[in-house]
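Work through the exercises below with the sequence and the model side by side. Try each task before you read its solution.

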Amino acid sequence: MATKSTSESKDTGRLNIHVNAELIDIDHADEAYEFAAYAFSSDAQLLDSAPLAGKGEAVLSVPRSAPVANLRVLVGPRLDEKTVSFSELIRLGAQETHLRVTERDLRLNLPIKVFHDIWRCWLRSACLVRGTLHKRVLVGGEYVDFPVCNAKVEVYEVDPLWILIPKLPAAVLERLRRIIIDPIRTPIPHPEPGPDDAPFARGAMERVARTALSQAVADHARPLDADVITTLGQLQGATELRYAAQAGSQLQFEQALIANPLLIRPLLCWFWPRLVTTQRVATATTNECGHFQTLFFQGCNNHDRPDLYFKAKQKLFGWLDVYIHAPKPIACHTWWNYACGTEVDLYTSSPWAQTCSPCPPVIGPPGKNRWVAFMGIGVTGLNRVYGASPDLTGATTPDNLGLTDAGAPWGGLMLPRLEFSPALQAAGVRYYRLSWRKGSSGSFLPLVGEVHHYYRHDVATPTGDLPVWSPHTLGPMDVDDGMGHQVPHLFKIPFASVAPSGVWDAPPDVGQIRE
């Protein structure tokens with residue numbers, strides 16, 4: 001029962017509801033999960049929300065201009081503000097309390113007990129989603145994955161199969177019956193696609209054996225991909241599914257389709273990619289390495305593994321949100337039966353996607369905190385060079401020593417890629433020099449070609465701050481050793497503090513990179 005107080009000023013024009021949620025039998029290990037209190041009007045319009053503090057306390061402030069005569073206060077999982085709705089909270093099993101308010105009420109104290117079975121259900125339905133957003137860029141003839149930073153990733157839940165199948169039009173169900181009863185056999189390789197192969201991608205170089213489904217295939221313009229071809233081969237052994245397609249009623253056939261999700265989903269993507277609908281359940285922001293992480297709640301009565309679809313957007317010109325990742329059709333880019341907590345790798349090819357410098361996983365030698373890691377030559381890692389890679393040790397011979405794993409020789413501009421321990425800066429080490437020689441003979445010669453590093457900084461414009469990537473020369477240069485002597489051919493180590501402004505970064509257009 002709510003208690004009333006008149007200690008607050010009537011001039012505020014707002015009603016404050018002090019919620020004290022008591023989560024029965026909760027222990028400290030569960031406090032890492034975030035819960036919140038929500039105030040809705042009688043017609044389920046959100047008026048305010050606030051996270052629960054350590055002792056389950058929250059203050060909801062409701063404007064008196066709103067219809068507050070009959071309020072609905074809910075305690076449940078903390079959701080993204082843009083996805084909060086009354087129906088969604090009820091679906092998740094939030095604890096609801098009805099509250100009658102009069103004009104004289106200035107403050108209400110509302111104790112709410114949430115029993116073990118209710119809040120435990122919230123925790124069981126929590127699903128952690130994490131992943132990395134990449135942009136694959138062609139650099140020097142090889143593809144390099146650059147992390148897409150400062151992007152907002154939107155997570156959508158796609159309708160599960162048991163909801164999708166009953167929505168299928170009768171014509172699509174009939175096509176599925178014909179495919180399952182008489183599946184397309186393994187494609188026969190053919191050097192030239194003939195006129196009958198027009199529905200399929202010209203690069204596929206496949207001819208499909210004639211079946212009773214040939215006309216249905218001809219009516220469908222989507223090319224066969226590897227998943228569909230594999231599925232067509234597996235259908236031969238799906239005895240129960242083929243029997244349901246041949247002799248079962250429509251309901252029995254639909255139930256058989258639902259019971260065989262791994263076989264049916266590739267076919268749905270091929271036949272009916274427009275089928276799915278989505279609902280946004282969470283958002284997250286990528287960090288400097290492109291990683292993102294967020295949490296959403298499936299609900300107490302939803303025991304199905306979630307099917308997730310991802311979109312991502314960034315700000316263009318400092319104010320315009322532009323989607324840089326929203327692949328279509330949705331059914332073909334859904335992470336079906338997503339295992340909560342597993343890593344998702346997303347790739348964008350948008351020219352608007354702004355990237356950051358790659359974040360290589362460098363682990364220093366045990367017990368050593370001052371190190372330099374030689375990562376590669378240009379875009380080629382040392383793990384692909386005979387004589388430098390432990391994986392290629394057994395295959396290294398005098399004839400291929402120094403060649404790449406493809407047996408190719410080196411040529412052109414070959415700049416080394418180095419990583420430096422942050423502990424070197426604390427030790428006063430600020431510069432380095434690289435020397436080389438041919439084979440094992442002769443004297444070492446210093447590298448004297450210029451090396452540039454790019455830093456990203458914001459420039460003010462009439463429409464807002466815009467990111468700009470500027471080059472900074474790291475060397476070579478002569479440096480005073482503190483005793484009046486000039487040490488030649490040194491390069492600055494690109495510690496974070498050395499950047500002239502902003503942060504070290506890679507330009508979104510690799511054509512801007514000078515080396």
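The exercises that follow go from the whole protein to its helices, strands and loops.

This is a predicted model, in which local features need pLDDT of at least 70 and side-chain atom pairs count only at pLDDT 80 or more, while totals for chains, interfaces and linings use all residues. Residues are numbered from 1 along each chain as its sequence is written, and side-chain values use heavy atoms, with hydrogens and water left out.

**Exercise 1. Find how many helices and strands the protein has, and what share of its residues is buried.**

Step 1: The secondary structure comes to 10 helices and 29 strands, where helices (H or I, at least four residues) and strands (E, at least two) are DSSP runs numbered from the N terminus.

Step 2: Of the 515 residues, 40% count as buried, a term that means under 20% relative accessible area, with exposed meaning over 50% and partly exposed in between (1.4 Å probe, protein chains only).

**Exercise 2. Describe how helix 4 and helix 7 pack, beginning with their axes.**

Step 1: Two packed helices are described by the angle between their axes and the distance between the axes.

Step 2: The axes of helix 4 (residues 170-181) and helix 7 (residues 239-247) come within 9 Å and cross at roughly 130°; such axes are lines fitted to C-alpha atoms, for helices over the stretch in contact, and angles run from 0 to 180 degrees between N-to-C directions.

Step 3: Contact means heavy atoms within 4.5 Å, and here Arg-177, Ile-180 and Ile-181 in helix 4 meet Leu-241, Arg-242, Ala-244, Ala-245 and Gln-246 in helix 7.

**Exercise 3. Work out the strand order of the open sheet of 3 strands, and follow the chain past strand 26.**

Step 1: The order of this open sheet is 26-25-29, with antiparallel pairing, and two strands pair if DSSP finds at least two bridges between them.

Step 2: Strand 26 (464-475) and strand 29 (503-504) are the edge strands, each pairing on one side only.

Step 3: Strand 25 (residues 451-461) pairs with strand 26 in the antiparallel sense over 11 bridges, and Val-451 stands opposite Gly-475 in strand 26.

Step 4: The peptide bond from Gly-475 to Pro-476 is cis, with omega near 10°, and Pro-476 lies in the loop between strand 26 and strand 27 (477-480).

**Exercise 4. Examine the loop between strand 17 and strand 18.**

Step 1: Pro-329 is found in this loop, between strand 17 (320-325) and strand 18 (343-348), and a cis peptide bond with omega about -10° joins Lys-328 and Pro-329.

Step 2: Asn-337 has its place in the loop between strand 17 and strand 18, and its phi is near 50°, a positive value in a residue other than glycine.

Step 3: Asn-337 is partly exposed, with a relative accessible area of 25%.
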